[in-house]
Amino acid sequence: MSHTSAPVPLTSAAGSPLKGTIRVPGDKSISHRSLMFGALAVGRTTVQGLLESEDVLATADAMRAVGAKIEKQDDGSYTVDGIGLGSLLEPQGVIDFGNAGTGVRLTMGIFGSHNIAATFVGDASLSKRPMGRVLNPLREMGTNVIARDGDRLPASIRGAEQALPITYRVPMPSAQVKSAVLLAGLNAPGVTTVIEPIATRDHTEKMLKGFGADISVSLNEAGERVIKLTGQPELKPQDIDVPADPSSAAFPIVAALIVPGSDVTIENVMLNEHRTGIITTLIEMGGDIELLNKRSAGGEEVADIRVKHSKLKGIMVPAKRAPSMIDEYPVLAIAAAFAEGDTFMPGLEELRVKESDRLAAVARGLEANGIPCIETEDTLTVTGSASDIGGGTVVTHLDHRIAMSFLILGIAAHKPVTVDDGAVIATSFPTFTSLFEKLGAKISANSSEAA
Ligand code: S3P
């Protein structure tokens with residue numbers, strides 16, 4: 001179901017305990033990058049466990065538009081026949097990224113140092129999001145940009161004949177910005193340096209190294225990460241096995257914690273240290289979460305995560321942990337609604353520029369369901385254990401994580417919860433409803449059935 005189609009309201013309601021073992025889909029960040037880096041390599045990359053969501057499929061189309069051949073094989077894997085760095089073809093039509101911030105920002109980085117013209121568009125959510133954070137460093141590298149006021153989509157770019165390698169200090173904690181500059185640096189002669197004052201997810205660095213790029217990471221005296229990339233390498237195709245997405249796993253983890261009697265195992269979840277802030281936080285809140293069968297797969301640590309219903313308590317979530325759980329605050333707010341006392345979440349300014357203004361969307365959703373909360377410019381405080389919660393309708397603003405988080409609320413609340421559009425879930429987690437039904441949850445497109 002496409003997010004561009006008619007909205008599909010969904011309702012969830014309390015039922016039996018959640019029980020069973022599931023596998024959530026492949027990691028979204030790694031899936032995007034597998035297709036992109038495969039397209040830039042010379043030869044055939046294979047990808048097992050690619051996340052087949054709207055966001056990732058938009059990236060596949062963008063890479064096809066510049067000449068890569070991307071095909072699904074009978075065994076469910078994908079092959080990417082790369083066209084090679086420096087050899088991208090000029091796309092014939094506009095590149096529509098739908099809802100995908102990661103897809104468009106990283107692709108702007110790749111195209112921005114190639115001497116081709118490209119125009120990017122997106123849905124109503126993506127068209128509101130700031131692109132200047134990526135377009136500004138690209139301008140420094142010589143890319144010509146024409147964008148809508150405020151550097152929003154639609155935007156057209158044309159890379160310089162020869163891009164300039166730059167040294168760039170990332171002004172906000174953003175793996176997308178860091179990655180866009182590094183990816184532009186791939187086709188710039190010389191060394192591109194990115195200084196990252198606050199560490200963010202490092203999939204670009206790790207995966208580019210795997211593809212054979214000359215990339216190093218060190219810490220300067222101030223403790224900032226300094227990433228140096230030598231441009232114009234020949235990237236070598238890889239065989240990639242995408243581990244399960246910890247951001248998607250966060251939904252069944254929180255659900256199992258808050259639905260009485262639950263016992264759920266989620267298999268093969270990636271535990272990259274820049275992604276696991278939510279697990280640390282939920283354990284601090286008293287969550288019974290075990291990491292079983294820890295092992296290494298494709299350069300990342302993975303584990304099976306077993307979660308049992310737990311009595312949670314409110315805590316202060318350190319602001320410095322925010323980059324390692326930036327996508328998980330909406331569902332953390334739901335866990336906080338079931339915790340005893342207040343959960344205080346500072347350092348949330350980046351939530352204002354996600355698929356929606358997530359700070360506002362979460363606060364309005366909590367209020368609509370009788371859960372006390374206080375929203376400031378960059379903090380959220382949720383007071384847990386209110387009686388008689390639920391019963392509200394939540395506005396999702398084309399934001400998949402808002403939709404999923406409030407459906408989790410509904411399966412644990414006293415009264416059913418409706419989200420105004422469940423179709424947006426296809427952005428990142430197309431099997432969300434069926435997996436939750438497998439665990440015993442009640443989620444329905446017809447509110448009277450779920451209730
Ligand atoms: C992503 C980085 C994060 C995250 C997004 C995926 C990535 O965005 O919110 O869902 O794959 O690089 P920012 O880097 O802008 O915080």
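A salt bridge, as the term is used here, is a side-chain nitrogen of Lys or Arg within 4 Å of a carboxyl oxygen of Asp or Glu. With that definition in place, I turn to the protein chain shown above. This is a predicted model, in which local features need pLDDT of at least 70 and side-chain atom pairs count only at pLDDT 80 or more, while totals for chains, interfaces and linings use all residues. Residues are numbered from 1 along each chain as its sequence is written, and side-chain values use heavy atoms, with hydrogens and water left out.

Let me begin with the domains. The assignment, which is of the automatic or database kind, gives domain 1 as 10-26 + 243-450 and domain 2 as 28-241. Taken over C-alpha atoms, the centres of domain 1 and domain 2 are 29 Å apart.

How many residues of domain 1 are in contact with domain 2? There are 25, and they meet 27 residues of domain 2; contact means heavy atoms within 4.5 Å. The size of an interface is often given as the accessible area lost when the parts come together. Here domain 1 and domain 2 bury about 2,200 Å² between them, with 50% of it on carbon and sulfur atoms. Buried area is the accessible area, with a 1.4 Å probe, that two parts lose on being put together, summed over both. On the side of domain 1, the residues that lose the most area to domain 2 are His274, Glu350 and Thr427, together 24% of what that side buries.

Four salt bridges are counted between domain 1 and domain 2. The count of residue pairs in polar contact between the two domains is 13, both residues being at pLDDT 80 or more. A polar contact is a pair of N or O atoms within 3.5 Å; within protein, one must be able to donate a hydrogen and the other to accept it, and residues adjacent in sequence count only if both atoms are side-chain atoms.

Arg201 lies in the loop between β11 (191-196) and α6 (203-210). Helices (H or I, at least four residues) and strands (E, at least two) are DSSP runs, numbered from the N terminus. Is Arg201 buried or exposed? Arg201 counts as buried, because its relative accessibility is 12%; buried means under 20% relative accessible area, exposed over 50%, and partly exposed in between, with a 1.4 Å probe and protein chains only. The side chain of Arg201 forms a salt bridge with that of Asp327, at 3.5 Å from N to O, and a polar contact of 2.9 Å with that of Ser29. Beyond four places in sequence, the residues that Arg201 touches include Ala175, Lys178, His274 and Ile326. Arg201 and Asp327 also belong to a network of salt bridges with Arg129, Glu355, Arg358, Asp399 and Arg401.

The structure as a whole holds 32 salt bridges. In one of them, the side chains of Arg133 and Glu350 meet at 2.9 Å, N to O. This pair links distant parts of the chain, 217 residues apart: Arg133 is in helix α4 (residues 132-140), and Glu350 is in the loop between β18 (342-345) and α10 (358-368). Both Arg133 and Glu350 are buried.

A further pair is Arg225 and Glu196, whose side chains meet in a salt bridge of 2.7 Å, N to O. Arg225 is in strand β13 (residues 225-230) and Glu196 in strand β11, 29 residues apart. Arg225 is buried at a relative accessible area of 12%, and Glu196 is buried at 3%.

Lys206 forms a salt bridge with Glu300, the closest N and O atoms being 3.1 Å apart.

I close with the backbone. Leu153 and Pro154 are joined by a cis peptide bond, with omega about 0 degrees, and Pro154 is in strand β9 (residues 152-158). Asn268 is not a glycine, yet its phi is positive, at about 60 degrees; Asn268 lies in strand β15 (residues 263-270) and is buried, with a relative accessible area of 16%. Ser385 likewise has a positive phi of about 60 degrees without being a glycine. Ser385 is placed in the loop between β20 (380-383) and β21 (393-394), and it counts as partly exposed, at 47% relative accessibility.
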